[in-house]
2 protein chains.
Amino acid sequence: MARASKNRYWVGFDLGGTKMMAAVFDKNFNIIATRRKKTKDGKGARSGIRRIAETIEEALQTAHIDHRKLGGIGVGCPGVLDLDRGVVLQAPNLGWRNVPLKKELERTFGCRALIVNDVDAGAYGEYRFGAGRGARCVLGVFPGTGIGGACIYDGQLIRGRVNSCMEIGHIHMQPKGRLCGCGRRGCLETVASRLAISAEAAEAAYRGQTPHLMELAGTDLASIRSGALAAAIREGDAAVEAIVRHAAKDLGIAVASVVNLLAPDVVVLGGGLMEAMPGLYLKEIRAAIKRQAMKPYTQHLKVVPAKLADEAGVLGAAALVADSV
Amino acid sequence: MARASKNRYWVGFDLGGTKMMAAVFDKNFNIIATRRKKTKDGKGARSGIRRIAETIEEALQTAHIDHRKLGGIGVGCPGVLDLDRGVVLQAPNLGWRNVPLKKELERTFGCRALIVNDVDAGAYGEYRFGAGRGARCVLGVFPGTGIGGACIYDGQLIRGRVNSCMEIGHIHMQPKGRLCGCGRRGCLETVASRLAISAEAAEAAYRGQTPHLMELAGTDLASIRSGALAAAIREGDAAVEAIVRHAAKDLGIAVASVVNLLAPDVVVLGGGLMEAMPGLYLKEIRAAIKRQAMKPYTQHLKVVPAKLADEAGVLGAAALVADSV
């Protein structure tokens with residue numbers, strides 16, 4: 001750690017589509033205080049930035065820490081970012097366009113702010129403090145409503161020139177595939193994301209093939225969350241299990257391709273689907289990697305569940321700003 | 001460049017399955033002398049190492065450079081390597097297993113030797129001196145008999161813990177695909193390598209659909225090289241063109257997925273197929289990237305042909321050993 005960080009405190013912030021969370025850390029990254037709020041008050045970016053600042057302010061008050069003791073604020077953000085300028089170029093989940101978040105936070109708190117991709121923040125948290133601790137090359141894969149990816153190579157997050165990258169969810173899988181959120185067809189997200197699984201399960205439910213899922217969540221994709229899928233499988237819906245396993249296999253095939261490209265030492269698996277069905281996901285992904293990845297890259301490879309759950313994002317964002325000083 | 005490299009000369013060596021080449025460079029990487037030999041004398045690794053040493057020795061003599069003025073020798077090698085120990089673990093093309101090439105060369109020439117993957121050496125050459133010069137992130141893609149890939153990120157070759165990586169040729173493309181050289185099924189190489197194209201073209205030739213190719217090369221895969229495919233297309237074999245275009249599209253889809261993962265600034269295209277049909281390959285791969293890669297990663301992306309041809313490998317290997325001092 002740089003000398004400047006002595007006796008300094010750090011804030012990690014996780015800006016999600018539905019909730020936001022601020023955490024205050026001491027110089028050893030012990031968590032001192034946290035504060036959560038709902039993200040949306042429907043009043044646009046200006047109001048959103050105010051809510052972020054309030055959440056940080058309240059976390060600092062709870063921790064009894066003055067602004068002046070802050071070494072920096074790291075914020076994990078969804079959407080397309082300008083990493084160097086700290087601008088949220090486009091975040092459909094937030095309804096934001098061209099929001100200069102870094103500048104606003106630096107003005108408000110008088111310390112350095114770093115805006116990073118939310119998936120990168122989570123993966124970096126696992127690399128620094130969790131399941132990928134200190135490894136030479138960590139690949140984070142987070143299957144949930146979308147499918148996020150991130151890679152830390154020799155201590156550095158692999159990033160694009162302007163924005164982050166490692167879009168595992170947009171590896172092309174099917175020439176005649178379904179429409180993806182990115183506007184193209186056949187991406188991994190169209191076959192293996194929670195949304196793709198829910199759509200397939202909803203069809204099965206509608207046809208009467210998944211009685212438990214039908215009772216638990218009906219045929220509305222908004223209700224068929226990872227937890228409902230897991231519960232339906234536990235209660236005996238074989239069709240749901242077959243759908244999820246098939247999706248997990250496809251995810252595994254894509255991860256195996258990335259293993260052949262990047263030869264990570266550790267693959268860390270997180271995200272809503274993995275958290276709800278860790279056994280199933282670990283088994284299918286390990287099997288797919290064994291089948292599809294090349295021997296020199298699998299001999300020492302570990303495929304492990306994420307350890308830090310919700311705290312990965314705030315820890316990673318705080319560590320990223322601290323490590324960049 | 002490190003101070004130690006002043007007034008030093010460097011050797012770059014390209015160890016191919018059929019031919020080998022040594023080149024002597026001055027400290028500014030001007031080429032002073034080269035020497036080529038056929039690789040195979042069929043007498044095993046010991047004899048192979050002797051031939052390599054002779055080739056280097058003869059190049060040094062031609063250049064009038066004494067061993068003691070050598071800063072180091074960089075060798076681009078095919079197969080599975082132990083990069084840190086400089087051991088060729090397995091190179092089916094050479095018939096080698098567990099050959100301590102680094103140690104042998106260091107003993108013979110009394111200077112540092114670095115053993116690197118041959119594709120990495122070529123891509124690094126293009127990064128340092130050619131089509132990807134100085135870019136933040138360069139992705140090299142080399143479709144030929146196989147399909148090689150390499151990535152230089154922030155000046156560093158992305159590598160595995162022991163061996164190199166970036167196996168673009170082994171991205172999984174087809175669930176029920178053909179058998180690949182790596183033992184699995186459906187890898188990119190089974191649909192887009194020269195060998196896959198030749199097999200498909202040979203079938204068409206056998207069926208009488210490609211009269212020009214039939215005359216030029218018959219139905220033997222060993223004869224249907226990239227040059228023959230290009231010539232058959234020039235002479236009007238529409239079936240050959242359709243087969244090559246289809247393969248180039250599949251290659252483009254795979255490259256687009258890697259663009260979504262690594263967000264390179266430059267994609268450098270080389271290899272036998274690209275060299276024989278640069279227009280076709282550039283067009284199809286650029287179109288596939290435009291279609292399948294995400295906007296934030298394509299806005300500033302350049303997709304360009306390699307510039308250094310055969311010299312990329314020796315230049316890259318020499319620069320890698322020089323840059324690592």
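F29(B) lies in the loop between β2 and β3 of chain B; helices (H or I, at least four residues) and strands (E, at least two) are DSSP runs, numbered from the N terminus. The model is predicted, so local features need pLDDT of at least 70 and side-chain atom pairs count only at pLDDT 80 or more, whereas totals for chains, interfaces and linings use all residues. Residues are numbered from 1 along each chain as its sequence is written, chains are lettered from A and ligands numbered from 1 in the order in which they are written, and side-chain values use heavy atoms, with hydrogens and water left out.

The phi angle of F29(B) is positive, about 65°, although this residue is not a glycine. F29(B) has a relative accessibility of 9% and counts as buried; the term buried means under 20% relative accessible area, with exposed over 50% and partly exposed in between (1.4 Å probe, protein chains only). A positive phi also occurs at M166(A), which is not a glycine and has a value near 55°. M166(A) is placed in the loop between β11 (156-157) and α4 (189-192) of chain A. With a relative accessible area of 1%, M166(A) is buried.

Aromatic pairs were examined next. Rings of Phe, Tyr and Trp (its six-membered ring) pair if their centres lie within 6.5 Å; planes under 30 degrees apart count as stacked, over 60 as edge-to-face and the rest as tilted. Over all chains, the structure holds six aromatic pairs. One of them is the tilted pair of F25(A) and F29(A), with 6.3 Å centre to centre and 50° between the planes. F25(A) is buried at a relative accessible area of 1%, and F29(A), at 9% relative accessibility, is buried as well. In chain B, F29(B) and F129(B) form a tilted pair, with 5.2 Å centre to centre and 50° between the planes. This pair links distant parts of the chain: F29(B) is in the loop between β2 (19-25) and β3 (31-38), F129(B) is in helix α3 (residues 118-129), and the two are 100 residues apart. F29(B) and F129(B) are both buried. In chain A, ring pairs join F25(A), F29(A) and F129(A) into a cluster.

A nonpolar core is a set of buried Ala, Val, Leu, Ile, Met, Phe, Trp, Tyr and Cys residues joined through side-chain atoms within 4.5 Å. The largest such core has 114 residues, and Y281(A) and Y281(B) have the most contacts inside it. Residues touched by Y281(B) (contact: heavy atoms within 4.5 Å), not counting those up to four places away in sequence, include P143(B), I197(B), V244(B) and L273(B).
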